[in-house]
Amino acid sequence: LYPAHHQNSGWTYRSMKFKDCFATALRALLSNKLRSALTMLGILIGIAAVISVMSLGRAQEAETQKAFASLGSNLIYVVPGADVGQGGMSGSLGSSATLTMEDADAIAKDAPSVGMVAPVVQTTCLFVAGRENATAMIAGVTPEYYWVNNIEMAQGRFIDEYDYKSRARVVMLGNKLAEIMFGEMDPVGQSVRLDGRKFSVVGMMESKGMGFGTEDLMAYAPLSTVQSTIMAGEVSSSGRSVQAITVQARNADEIALAESEIESVLRQRHRIKEGEDNDFSVISMQAVSQMAGQIIGILQVVLAAVAGISLLVGGIGIMNIMLVSVTERTREIGLRKAVGAKRRDILTQFLTEAAVLSFCGGIIGVALGWLIVRVAVAVMEGMGFPFSAVIPGDIIALAVGVSVFIGLASGIYPAARAARLDPITALHHE
């Protein structure tokens, strides 16, 4: 009760200020600590889940965009398998043998908008260096692959024309694969056996990071060497098979034209008649980047929606506890109304309690979400895929705002019910 001296020397009820409402709400919640903590749990878990999902999702999106940017915006992939829609294909790398070295040569010769062409073959083999061994993917590439795919070397060099023409047994290791095989030792100049064949390590690639982490676990050797040794020179009826052709358009403005020219050249070479589907797919890095962004965005929305269910459960919990509080404090409500408290005073009091409960849950949830993000970053760094993740201020503001909104929305019905209580009936309540 907050008495105030009336002009006729009587006593009346003075409306509570916000700070008084806040203090009273804290006292009410602290008087039932366990119940208040359990009520906040739904909000807390929901906010922590949303915070961690959104933060890690943004970090992954940034890493993926960075990885695509490192490959270049004017990169085009030609892979086996018919198109199934824009930016998609039914085949995968190595799923069929519809592309050949001769196809790559024809693209380089007959597609004016194409700058460089780099055919690729891939297979898995056993790597052995001293006491260390690992099964990893090896890609057979040409010297042009270095320029087409914007390769960066951490140490040593890439394949040169002499290596390719002489079928030299040299190999470049991905950053993570080099660490597995040689630890902290400089891999350049070391020897490694690939399916029992001795190769000399001439370079180590820069890490591609989390976006293309698998490339850090790959090795690269001259395509001619891989075809003549590890893959035993697979030859189809149309020529020497390759599992992909990477193409660099002359510039970003000519990507669409380059795609059209590549399709025309290959349809003619593969004798595909008008109206028939292609037995290959031409896809630009721009399309892949957009597709990856859409997938990550959809995944974030789905995970955030799942996390939002916890917020809904938390809101129901707040409504339940506020209804219980109204029942327990019926006499208190009746006494306040008997001395002059208005409906808005009772309504404000219980809404403040609901808001404080959800606000505290939101703050603790933000702290828990931050902890989850830090743990995830540490785990990924321990696995060899370092990345940076922070909790943006807009996400924090949104999370806390949503938690308070849920508290207010959940507290409206209990607060209105308390405000409508008849003071005489409430005073007689046991």
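Which residues form a nonpolar patch on the surface? Leu-368, Trp-370, Leu-371, Ile-372, Val-375, Val-379 and Met-383 do so, and together they have about 620 Å² of accessible area. Patches are made of residues with over 30% relative accessible area and no salt bridge; like charges are joined within 9 Å, and nonpolar side chains (Val, Leu, Ile, Met, Phe, Trp, Tyr) within 5 Å. Accessible areas were computed by the Shrake-Rupley method with a 1.4 Å probe, and for residues only the protein chains shown count as cover.

The model is predicted: local features need pLDDT of at least 70, side-chain atom pairs count only at pLDDT 80 or more, and totals for chains, interfaces and linings use all residues. Residues are numbered from 1 along each chain as its sequence is written, and side-chain values use heavy atoms, with hydrogens and water left out.

The protein chain has 13 helices and 17 strands. Both are DSSP runs numbered from the N terminus: helices are H or I with at least four residues, strands are E with at least two. Of the 430 residues in the protein chain, 47% are buried. Buried means under 20% relative accessible area, exposed means over 50%, and partly exposed lies in between (1.4 Å probe, protein chains only). The accessible surface of the protein chain comes to about 21500 Å². Carbon and sulfur atoms hold 58% of that surface.

One member of the nonpolar patch, Ile-372, lies in helix α11 (residues 343-382). Ile-372 counts as partly exposed because its relative accessibility is 36%.

Helix α12 covers residues 393-419. Its 27 residues should span 39 Å at 1.5 Å a residue, and its end C-alpha atoms are 37 Å apart, which agrees. The expected span is 1.5 Å times one less than the number of residues. Helix α12 bends by about 40° at Ile-412. A proline, Pro-414, follows within four residues. The bend at a residue is the angle between axes fitted to the seven residues ending there and the seven starting there. Buried residues in α12 include Ile-395, Val-400, Ile-406, Pro-414 and Ala-419.

Glu-102 sits in helix α3 (residues 101-110). With a relative accessible area of 26%, Glu-102 is partly exposed. Glu-102 and Val-242 are 140 residues apart along the chain, yet their C-alpha atoms are separated by 9.5 Å.

Four salt bridges were counted. The rule asks for a side-chain nitrogen of Lys or Arg within 4 Å of a carboxyl oxygen of Asp or Glu. In one of them, Lys-176 meets Glu-179 at 3.9 Å, N to O. These two residues are separated by about one helical turn, because they are three residues apart in helix α6 (residues 175-182). Lys-176 counts as buried at 17% relative accessibility, whereas Glu-179 is partly exposed at 40%. Elsewhere, salt bridges that share partners join Arg-157, Asp-160 and Asp-163 into one network. Between Arg-157 and Asp-160 the closest N and O atoms are 3.5 Å apart. Between Arg-157 and Asp-163 the closest N and O atoms are 2.6 Å apart. Arg-157 is partly exposed at 33% relative accessibility, and Asp-160 is partly exposed at 31%. Asp-163 counts as buried, because its relative accessibility is 3%.
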